[in-house]
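I opened this model to go through its sheets, its helix packing and the surroundings of its ligand. My entries follow in the order in which I looked things up.

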Amino acid sequence: MRVGFDTETVVVGGGIAGFFALDRLRTAGHQVHLIGCPRPGMDQTQWSQGILHSGWKYHRGDPRPFPDLAETWQKMFEGNAEPELPREAIRTSNLLVWGDVDAGPALGPKVVDPPNCLGEHQVHHLQETIIDPGVVLNHLRQKHQPCCHHGLVKVARMAGGFEILTGTERILTKHLVLAAGAGNEALGMMLGRPPGFMQRRPLRMYLIRGTLPELYGHAMRSKDVALTVHTIPGNHKECTWVIGGALAEDAPELHADEAEHRLRNALMAFLPGGLPTGCWWSSYRIDRAERATTDGQRPDDVCVEMVDGVHYVWPTKLVLAPRAANTLLGMLPQPSHQTGQTHRSVWESLPKLGAAQDPVQDAELKWRPLT
Ligand SMILES: Cc1cc2nc3c(=O)[nH]c(=O)nc-3n(C[C@H](O)[C@H](O)[C@H](O)COP(=O)(O)OP(=O)(O)OC[C@H]3O[C@@H](n4cnc5c(N)ncnc54)[C@H](O)[C@@H]3O)c2cc1C
C-alpha cells in the first residue's frame, strides 16, 4: 500500500498558464508535476495570436484597466528575468495599424512603404511584440521535462489532498492547481463546485493561406479593432494569415458560406490592394475561457483563486500568464519537502508530454478557394 503523497503539487493543463505555474513553483523550490493533454478546440494558447499587449488595444476608449506586462516579457527574452525565454519565439516587434487611425502619441511614425495589399490606407507603426506561443511552450516543456506528463485527468478529493486519475494511474497530491483553461469547469464540478464559475467567450478565427506577404497588425474601424492579423510562415514562399479582432468576435456561429461572405467584405474594406491568386481560406471555432464576470465581458485582470482548497488559474490573456503564476506562488504555502514519498515510479509510468504542434497543420481544417 502506498504511503503519503506522490508529490506536493499537481498542475493540470499544458497551456501557457500551466507552464508558467510549473516554472514559478519549481524555481521557488516546490515539488510539482504538470499533467496536460492537448484537446481539439481547447488549446487557447496554441491558437492564440501571441500578441504581448502593451495595453494600446485595450486603453483606447476603454476605461477598464489592463495590466501591461509587455516589459516583463521583454526582460525574459533578454535573459534579465525568469524564466529566460528563447528570442526565436519572437515573430515581430513591429506591428502595423491601418484603417481609421488617429495618429496619436501611442502610435509610431507613418509607414512609408506599406504592403500593397493595404491599398491607400494610412499606415502607422506600433511597437508591440508578437510571439509564437508554441516555441515558448516547448522551451518550458524541455526545461522541466522530467515533470511534464501527458494525460487527460479526472480529479477527486481524499483526506488532506487530491486524487488524480489518468489512464490507469492514480496519483496522490497535497495541492491541486487547475490551469486547464476551458477544462477547469468540468474539473471543478468533479470536485463539487457548482457550475457557473467560468465563462466562455466564443471566437471564429479566419485563416488565409497562399503566397502572401508577412503581415502583423490591427485594422481599425472607428475605435474598434476590426481585424488583427498575424502570419505563420510556411514552406515554399507560402504562409498563413491568422485573422482575429471584431471579425472573429462578432459572429462566431456562422455557416461556412456566411463566414466566407463576412471575410470577403472585410478584405475589401481593409485589404483593398487585393491578394495574390491561388489563396485558400479556412476558419475555426474556439472559446476564450475565463473566470465568470457579472456582465460577461473580459475580466480586467488574471484570476487566481482558491475555492475549497483547490487553486484555479485563468490568466485571461496569454501576456498575463507570468502575473498569474506569481499570484499563485504567493497563495501556496511554503514548500514542505515532506510529502514526496515517490517510492513507486508513478511518474515514470505516465507518458511524457509531447511537443506543441503548429495548429495550422490541423488536419481537421477545411480549406476553400479564396482567390
Ligand atoms: C484565438 C485566440 C487568440 C488569442 N490571442 C491572444 C493574444 O494575442 N494575446 C494574449 O495575450 N492573449 C490571447 N488570447 C488569450 C490567451 O490565449 C489565453 O488567455 C491563454 O492562452 C489561456 O491559457 P491557459 O493555459 O489558461 O489555457 P489553454 O491554453 O486553453 O490550456 C489549457 C490546457 O489544458 C488542457 N486540459 C483541459 N482539460 C484537461 C484535463 N481534464 N486533463 C488534462 N488537460 C486538460 C487543454 O487541452 C489545454 O491544453 C487569445 C485566445 C484565443 C482563443
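I started with β4 and strand β7 (residues 129-131), which pair in the antiparallel sense over two bridges. Strands here are DSSP E runs of at least two residues and helices are H or I runs of at least four, numbered from the N terminus; two strands pair if DSSP finds at least two bridges between them. I noted that Ile 90 has Ile 131 of β7 as its bridge partner. The model is a predicted one, in which local features need pLDDT of at least 70 and side-chain atom pairs count only at pLDDT 80 or more, while totals for chains, interfaces and linings use all residues. Residues are numbered from 1 along each chain as its sequence is written.

I then placed this pair in its sheet. Three strands form an open sheet in the order β3-β7-β4, with antiparallel pairing. β3 (51-52) and β4 (90-92) are at the edges with a single partner strand each, so one side of each has no neighbour in the sheet.

Next I traced the open sheet of eight strands. Its order is β6-β5-β13-β14-β15-β12-β16-β19, and the pairing is mixed. The edge strands β6 (123-126) and β19 (368-369) each pair on one side only. I looked up what packs on this sheet: helix α8 (residues 256-270) touches β5 (95-99), β12, β13, β14, β16 and β19, and its direction makes about 95° with that of β14. For contact I used C-beta atoms, placed from the backbone, within 7 Å. Axes are lines fitted to C-alpha atoms, for helices over the stretch in contact, and angles run from 0 to 180 degrees between N-to-C directions.

I went along the pairs of that sheet. Strand β13 (residues 217-221) pairs with strand β14 (residues 224-233) in the antiparallel sense over five bridges, and Gly 217 stands opposite Val 229 in β14. Their hairpin has two residues between the strands, and Ser 222 takes a positive phi near 50° there. β14 and strand β15 (residues 239-244) are antiparallel over six bridges. Ile 232 stands opposite Thr 240 in β15. In this hairpin, with five residues between the strands, His 236 takes a positive phi near 50°. β12 and β15 are antiparallel over five bridges, with Trp 241 of β15 as the bridge partner of Ile 208.

I turned to α1. How do the axes of helix α1 (residues 16-27) and helix α9 (residues 321-331) cross? They come within 8 Å and cross at roughly 50°. The two are therefore oblique to each other; angles under 35 degrees count as roughly parallel, over 145 as roughly antiparallel, 65 to 115 as roughly perpendicular and the rest as oblique. Residues in the contact include Phe 20 and Leu 25 of α1 and Leu 328 and Leu 329 of α9.

α1 also packs with helix α5 (residues 133-143), at an angle of about 35° and with axes 10 Å apart. That contact is made by Ile 16, Phe 19 and Asp 23 of α1 and Pro 133, Leu 137, Leu 140 and Arg 141 of α5.

Last, I checked the ligand. Of the 40 residues around it, Gly 15, Thr 45, Ser 48, Gly 181 and Gly 183 come nearest; a residue counts as near if its C-beta atom, placed from the backbone, lies within 6 Å. The elements that give two or more residues to the shell are α1, β2 (32-36), α2 (44-47), α6 (183-190), β12 (198-210) and β16 (280-291).

Methods: Two residues are in contact if their C-beta atoms, placed from the backbone, lie within 7 Å.
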